[in-house]
Each structure stands twice: as structure tokens, then as C-alpha cells.
Amino acid sequence: YWVDIVNKRPDGLVVVSNITEGAKREVESVQAAIEPDLLYPLLRGRDVKRWKAKPSTWIITPQDFLDQKHGLPEKQLQTQFPKSYLYLKKFQKILETRPAYVKYLRGEPFYSLYDIKGYTFTLYKVVWKGFGVSAMSVAVVSHSEGKPIMTNQAMHPFISLDNLNEAHYVCALMNSAPFNFTVQSHTQKGGKSFAQPNILENIRIPKFDSTDKVHQELAG
């Protein structure tokens with residue numbers, strides 16, 4: 001699913017090369033021309049820093065446009081995006097043996113992605129590094145090249161929001177010294193338990209109030 005764009009062709013197709021470096025399973029290195037419709041900018045681990053995040057690669061996200069929890073029906077993908085379908089078809093055997101697919105997605109198209117829903121495509125996201133760090137590194141992301149930015153959810157938990165000011169307000173609070181101190185007091189620095197989404201169940205963030213001057217200053 002993770003690809004670099006090698007070239008953009010005059011006919012509208014884009015040439016992509018799948019990213020094999022650091023993959024948990026050995027996969028064939030492939031270059032192919034596909035439709036750009038299912039490509040979304042992706043944040044990798046190194047892409048998120050305190051206050052700033054910029055995607056460095058792309059992800060193919062073949063989810064249903066009406067119900068993002070499910071993959072596009074196979075016949076629809078094959079008809080509307082035949083090049084993308086042929087690319088994914090090359091990896092069918094590997095995709096069907098993914099642990100998440102076997103456990104949660106049996107009966108879905110072989111390319112379906114787990115834990116993708118409407119919030120994945122929201123206008124604004126507050127993202128942060130969820131493990132491997134010793135302090136909060138939170139940033140706000142929106143769109144890149146007209147498309148919502150995707151996160152590597154294992155590495156980057158996120159809060160989806162529809163209001164940019166509210167997103168910057170939440171980001172400011174999560175980057176603050178009190179928030180950072182509390183996270184460090186309850187989780188393991190540099191470990192996989194650091195700053196996982198459940199921290200929001202134990203650390204209160206006051207609801208954003210656009211008329212509150214303090215909230216406005218934090219959002220600015």
C-alpha cells in the first residue's frame with residue numbers, strides 16, 4: 001500500500017513504486033502505472049515533529065467511498081480503477097494472509113484495510129508520535145495536493161476535527177508542559193506504551209470555546 005510516486009504521465013496515470021524498505025514481510029519490488037484517485041499522502045514515522053508534520057510518501061486506500069469501513073467491491077474497483085486493481089492483485093496472496101485481514105476482514109475484498117472509517121478522511125487531524133519518543137510531539141495536518149493526509153495509525157494516533165482553530169487549540173494543549181509531564185508520569189518513555197490514544201481517557205482537555213480569549217490565543 002505504501003508507494004512513492006515516480007512519475008506523472010500525460011494520460012493522467014501516475015507511476016508508483018512500492019516501498020519495501022523496513023517491511024515486516026518480504027515483498028516483490030514493483031513499479032506500475034495506476035489511477036491517482038485512491039492515492040493519499042501519508043505520514044511516516046519521521047514526518048511528525050513538534051508543531052509540524054509533512055507527508056513524505058503515499059498510500060493506496062481502496063476503501064468504499066460511501067462506507068469507508070469496507071473495501072470497494074471488487075467488481076467496482078476492477079471497473080473504475082483497473083490499473084490499481086491489477087497492481088493490488090499482484091499481492092493478493094500476501095494481503096489475504098495479513099493477521100488483521102484473517103482476524104477482522106474475512107469475507108471482505110482481499111485489499112480491504114482495517115481500522116479505516118469516516119474519521120480517517122476528516123478535514124483536520126491533530127497527530128502525535130505514539131511511541132519511541134520521550135516527549136509529546138504534536139502537530140496539525142490538513143490536506144496535501146487536495147487530499148486529506150493519512151497517518152500510520154500504529155505510529156501516529158490522531159484526533160479528527162472539522163474546525164481548524166479547535167485543532168490548533170488541542171495541539172497547543174497537548175504540546176504544553178503540564179500535558180507532557182502528565183503523559184511522562186503515566187507511561188514509559190521511548191516505549192510502545194508512550195502517548196497511546198487512551199491517554200485522552202485520563203487527561204482532561206477542556207472543550208474548545210471560540211469565545212474564550214485564552215482558547216483563542218492557544219489556537220493562534
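**Figure 1. The open sheet β9-β8-β13 in the predicted model.** In this predicted model, three strands form an open sheet in the order β9-β8-β13, and their pairing is antiparallel. The edges are taken by β9 and β13; each has a single partner strand, so one side of each is left without a neighbour in the sheet. From one strand to the next, the twist averages 20°. Four bridges connect β8 and β9 in the antiparallel sense. Within this pairing, lysine 125 stands opposite valine 141 of β9. Lysine 125 also lies over the face of phenylalanine 158, at 5.5 Å from the ring centre.

**Figure 2. Helix α5 and its surroundings.** Helix α5 spans residues 164-174, and its buried residues are Ala167, Tyr169, Val170, Cys171, Ala172, Leu173 and Met174. The elements that cover these buried residues include strands β8, β9 (138-141) and β13 (158-161), together with helices α6 (177-186) and α7 (213-219). At the start of α5, asparagine 163 places a side-chain oxygen within 2.9 Å of the backbone nitrogen of asparagine 165.

Figure 3. Strand β4 covers residues 39-43; five of the five are buried, so the strand is largely enclosed by the rest of the structure. Strands β4 and β7 (residues 57-60) run antiparallel and are joined by four bridges. Proline 41 has tryptophan 58 as its bridge partner in β7. With β12 (residues 150-151), β4 runs parallel, and two bridges join them. Here the bridge partner of leucine 42 is methionine 150 in β12. Strands of a sheet pair through backbone hydrogen bonds, in either the parallel or the antiparallel sense.

**Figure 4. Tyrosine 40 and the aromatic pairs.** A search of the whole structure gives eight aromatic pairs. In the pair of tyrosine 40 and phenylalanine 121, the ring centres are 5.4 Å apart and the planes stand at 70°, so the pair is edge-to-face. Tyrosine 40 belongs to strand β4 and phenylalanine 121 to the loop between α4 (99-104) and β8 (124-128), so the pair ties together parts that are 81 residues apart in sequence. Tyrosine 40 has 12% relative accessibility and counts as buried, because the cut-off for buried is under 20%. Lysine 147 lies over the face of tyrosine 40, at 5.0 Å from the ring centre. Elsewhere, one aromatic cluster is formed by Tyr85, Phe110 and Tyr111.

**Figure 5. Contacts of histidine 156.** Histidine 156 is placed in the loop between β12 and β13. The residue is buried, with a relative accessible area of 0%. Not counting residues up to four places away in sequence, histidine 156 touches Leu43, Arg44, Gly45, Val48, Trp128, Lys129 and Thr151. Among these, Leu43 is a residue of strand β4 (residues 39-43).

**Figure 6. Alanine 33 in strand β3.** Alanine 33 is part of strand β3, which comprises residues 31-34. Leaving aside neighbours within four places in sequence, alanine 33 is in contact with Arg9, Leu13, Val14, Val15 and Lys83. Between the C-alpha atoms of alanine 33 and isoleucine 5 the separation is 9.6 Å, with the two residues 28 residues apart along the chain.

Note on methods:
Residues numbered from 1 in each chain as written. Predicted model: local features only at pLDDT ≥ 70, side-chain atom pairs only at ≥ 80, totals over all residues. Heavy atoms only, no water. Buried < 20%, exposed > 50% of the residue type's maximum accessible area, 1.4 Å probe, protein only. Pairing = 2+ DSSP bridges. Phe/Tyr/Trp six-rings, centres within 6.5 Å; stacked < 30°, edge-to-face > 60°. Lys NZ or Arg CZ within 6 Å of the ring centre and 35° of its normal. Contact = heavy atoms within 4.5 Å. Polar contact = N/O pair within 3.5 Å; in protein donor to acceptor, adjacent residues only side chain to side chain. Axes fitted to C-alpha atoms, helices over the stretch in contact; angles between N-to-C directions.
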